Amino acid sequence: MNFEWFFSKKTIWKNCRKSKILRTIVLVTQNIICFGIIVSIITFSIGFGFKKIIKKKLLNIQGQITITNLKIDNSIIRNKSFFKDLFLFKFIRRINPFYEKDVIICDNKSQNVEKFIFKGISKDYNPIFFQNFLVIGYLEKVKKKLFSDYGILLSKKVSISLGLNIGSSIIVNFFFYKNGNPFFISKKFYVCGLYDTSIPEFDDVYIIGNIKHIQYFHNNNNNNNNNNNVNNNRNEDFLEGVEIFVSDISFDKIISIKKKIDQKYSDNFLVKTIYDQSYEKIIEWIKIFDINIFVINMIVIITVFFNVIVFFLILIIERIKTIGILKTLGARNKVIHKIFLYYIIQILVPPLIIGNSIGIIFLFLQNKFRFLSLNKIQYYVDFVPVYFNINYILFINLSIFLICFSTVFFSSWFIINKIPPINSIEFE
C-alpha cells in the first residue's frame, strides 16, 4: 500500500474530529468548493442555454442577410443564375425571395389605425419558421390556406391587441405610390394561424402572407388591369429581394459574406445584415452572457483559491509537529509533500461529487419541468433555458481540481522545505 496515501487517509479525518478549528475550516472549504461547482455549472448551462435559444430564433425568424434592388421601383427580378451564385458562398444554408409592404389595419377594439409590415413569402420559405413558431393552427392546414387562399399569419400578441382569432376576417390596406402620389389598396383576408417568436422587434411588426398578393397589386397597378384573379394576373419574377439564411450568426462570418456579396453585386443591390437592423440590441444582449459567465466564474475561482490557501496554512499549523516527527524519522520532503497533496484530494473529492450531483439534477429538473419562469417581454423566452454539455462540466471540474491541487502543490513545496525538524517538534 502507498504509505503517503495510507497516512493521509488515516490522519486527516482523525485530526478533524480532535481539532475544532481544523474541522471548521475543512467544512468551510468543502462547502465553498461544492457551492462553486454548483454555481459554475448553473452559470455555464443558463448562459449557453440563453445564447443557444436566442441564436436559434435569430437563425430562423428571417434571413440574416437581405439583398434588395437599388432601383427606384424597389424590385428584383428572380434570376436562377443569381441564386446559384449566392449558394457558392460558405455558410449559406437557404435563400428565399420576399416582398414587404407597409399596411394599415383598423383595430376592432378601439377603432385605432395601426401600421404593420405585410411580409409576402413563397411556398418554399424557411420551413423551420413554421415548425418552431406556429403556436395556433395545424401546420399543413395553415400552409395550405396561406399559399392557396387569402389566409395570413398574425403574431399572437398582435391578434390579442386587434381582437382577432383563427378564422377572423380582417381588412388590410396596402400603401402604394403612383406618379408620386400615395394611395391604398384594400383587401380582405382571414387569420389562418398565429405565430409567436417572443422577439418584439418581429412580433409587433410583421403580418405574414403569400407573396402573390403583392405581386398581383404591383402588376395590376402598373398595367391598370381589372382582372381580379390573383393567380393569373401577377408576375412571379417580381420580388423586393431575397433573404439569406446562414448557419452561424457570428459577426465575422456574416460580415465576411456581406463583403463578398458587396464586391460582386454592389452596383445593383443593397445588402443588409441583422447587425444593420433592429436585432443589433439582441445580439449585443447575447454577448453580455459571455461577460457574465466569465465574471461569475472568476469570482468562484478567486474564492476557491483563497479558501484553499487558508485551509492549507491552518493544516500546516495543525500538522507541524507531524512534519517534524516525519523528518526526524528520515522522511524526505518529497514524501511529506505527497502526503499534503493527498490531503487536498481527500478534502476535494466529496464536494466535487455532491456539487456535480446537485448541479446536474437541477439542470435535468429545469429542462423537464421549467419551474423557473421569466418575463417573455424582457428575456425573449418565458422560462430559464438550460444547456447540458458534458464538455463544460468536465472543464469546470478540471479547473477547480487544478486550482486546488496547484495551490497546495506550490505552497507545500515552498513551506515544507523551510520547516526545521527540531523547531517543528517543539512548536506549540
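Lysine 258 is buried, because its relative accessible area is 18% and buried means under 20% (exposed is over 50%, partly exposed is in between, using a 1.4 Å probe and protein chains only). A salt bridge here is a side-chain nitrogen of Lys or Arg within 4 Å of a carboxyl oxygen of Asp or Glu. Both residues sit in helix α9 (residues 251–265), 4 residues apart, or about one turn of the helix. Helices (H or I, at least four residues) and strands (E, at least two) are DSSP runs, numbered from the N terminus.

A quick word on where this comes from: the model is predicted, so local features need pLDDT of at least 70 and side-chain atom pairs count only at pLDDT 80 or more, while totals for chains, interfaces and linings use all residues. Residues are numbered from 1 along each chain as its sequence is written, and side-chain values use heavy atoms, with hydrogens and water left out.

**More charged pairs**

Side chains of opposite charge can pair when their charged atoms come close. How many salt bridges does a search of the whole structure find? It turns up 8, and here are some of them.

| Salt bridge | N to O distance |
|---|---|
| Aspartate 102 and lysine 115 | 3.9 Å |
| Glutamate 243 and lysine 119 | 2.6 Å |

Take aspartate 102 and lysine 115, whose side chains meet in a salt bridge. This pair links distant parts of the chain: aspartate 102 is in strand β3 (residues 92–106) and lysine 115 in strand β4 (residues 113–121), 13 residues apart. Aspartate 102 is partly exposed at 34% relative accessibility, and lysine 115 is exposed, with a relative accessible area of 59%.

Now for glutamate 243, which forms a salt bridge with lysine 119. Here 124 residues separate the partners, with glutamate 243 in strand β11 (residues 241–246) and lysine 119 in strand β4. Are these two buried or exposed? Both glutamate 243 and lysine 119 are buried.

**The nonpolar cores**

A nonpolar core is a set of buried Ala, Val, Leu, Ile, Met, Phe, Trp, Tyr and Cys residues joined through side-chain atoms within 4.5 Å. The largest one has 49 residues, and Leu86, Leu153, Phe202, Ile244 and Ile261 touch the most other members. Helix α10 (residues 280–318) gives the most to this core, with 5 residues. A second, separate core holds 43 residues, including Ile12, Phe362, Ile400 and Val408.

Serine 198 has a positive phi of about 70 degrees although it is not a glycine. Serine 198 is in the loop between β8 (181–195) and α7 (200–203), and counts as buried at 10% relative accessibility. Tyrosine 380 also has a positive phi of about 70 degrees without being a glycine. Its place is the loop between α13 (376–379) and α14 (390–418), and tyrosine 380 counts as buried at 11%.
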